Amino acid sequence: MKIPAADLKQEIARVNNNVNLSLFGTGLRKQRVTIVENKIIITADHKRVPALAALDQSDRMSSRLADVAILDEYKRRLKEEVIDQIGLPVVCVLKDYAPDYELAVTFILLKDALIKT
């Protein structure tokens, strides 16, 4: 990979934000991309979907099931877009979201190291 690390981080952030836009119709409040060898870690401040925030109050189990389904679709789309748009050799994408804090962490594992330490 010949892309400078700063440019690569910006490109990953752009792709991640676009996936968020495609699922929720809104972008991320802020995000930070960290690259360590063959690992990409994205921390992001998300706005909670209002319908799920309302459901959290009365039926957290149902909103949790919806969260899991949304996370699965998000991971599928992000993996596809990182491969297609940036050409990175993605092995898998992991993600979790804390609705009480509207924070998410995404972990992308690559086949090969991008940055040697």
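Contact means heavy atoms within 4.5 Å. This is a predicted model, in which local features need pLDDT of at least 70, side-chain atom pairs count only at pLDDT 80 or more, and totals for chains, interfaces and linings use all residues. Residues are numbered from 1 along each chain as its sequence is written, and side-chain values use heavy atoms, with hydrogens and water left out.

**View 1. Arg 32 in strand β1.** Arg 32 is found in strand β1. Helices (H or I, at least four residues) and strands (E, at least two) are DSSP runs, numbered from the N terminus. Leaving aside neighbours within four places in sequence, Arg 32 is in contact with Ile 41, Ile 42 and Thr 43. Arg 32 is exposed, because its relative accessible area is 59%. Here buried means under 20% relative accessible area, exposed over 50%, and partly exposed in between (1.4 Å probe, protein chains only). Arg 32 and Leu 103 are 71 residues apart along the chain, and 12 Å separates their C-alpha atoms.

**View 2. Glu 37 in its loop.** Glu 37 lies between β1 (30-36) and β2 (39-45). Its phi is near 50°, a positive value in a residue other than glycine. Most residues other than glycine have a negative phi. Glu 37 has 31% relative accessibility, so it counts as partly exposed.

**View 3. Glu 102 in its loop.** Glu 102 sits in the loop between β3 and β4. Phi is positive here too: Glu 102, a residue other than glycine, has a value near 55°. Glu 102 counts as buried because its relative accessibility is 18%.

**View 4. Helix α3 and its cover.** Helix α3 (residues 60-86) has 27 residues. From first C-alpha to last, α3 reaches 37 Å, close to the 39 Å expected at 1.5 Å a residue. The expected span is 1.5 Å times one less than the number of residues in the helix. Which residues of α3 are buried? They are Ser 63, Asp 67, Leu 71, Tyr 74, Leu 78, Val 82 and Ile 86. An α-helix has 3.6 residues a turn, so residues three or four places apart point the same way. The cover over the buried residues of α3 includes α1 (5-24), α2 (50-58), β3 (90-98) and β4 (103-110). Just after α3, Gly 87 takes a positive phi of about 80°.

**View 5. Asn 17 in helix α1.** Asn 17 has its place in helix α1. Leaving aside neighbours within four places in sequence, Asn 17 is in contact with Gly 27, Leu 28 and Gln 31. Asn 17 and Cys 92 are 75 residues apart in sequence. In space, C-alpha to C-alpha, the pair is 18 Å apart.

**View 6. The setting of the close-ups.** The chain has 3 helices and 4 strands. Along the sequence they follow the pattern α-β-β-α-α-β-β. The C-alpha atoms fill a box of roughly 50 × 25 × 25 Å, taken along the principal axes. Of the 117 residues, 32% count as buried. Among contacts between residues at least 6 apart in sequence, 53% join residues at least 24 apart. The mean positions of the 18 positive and 16 negative charges are 4 Å apart. Lys and Arg count as positive and Asp and Glu as negative, while His and the chain ends are not counted. Each charge is placed at NZ of Lys, CZ of Arg, CG of Asp or CD of Glu.
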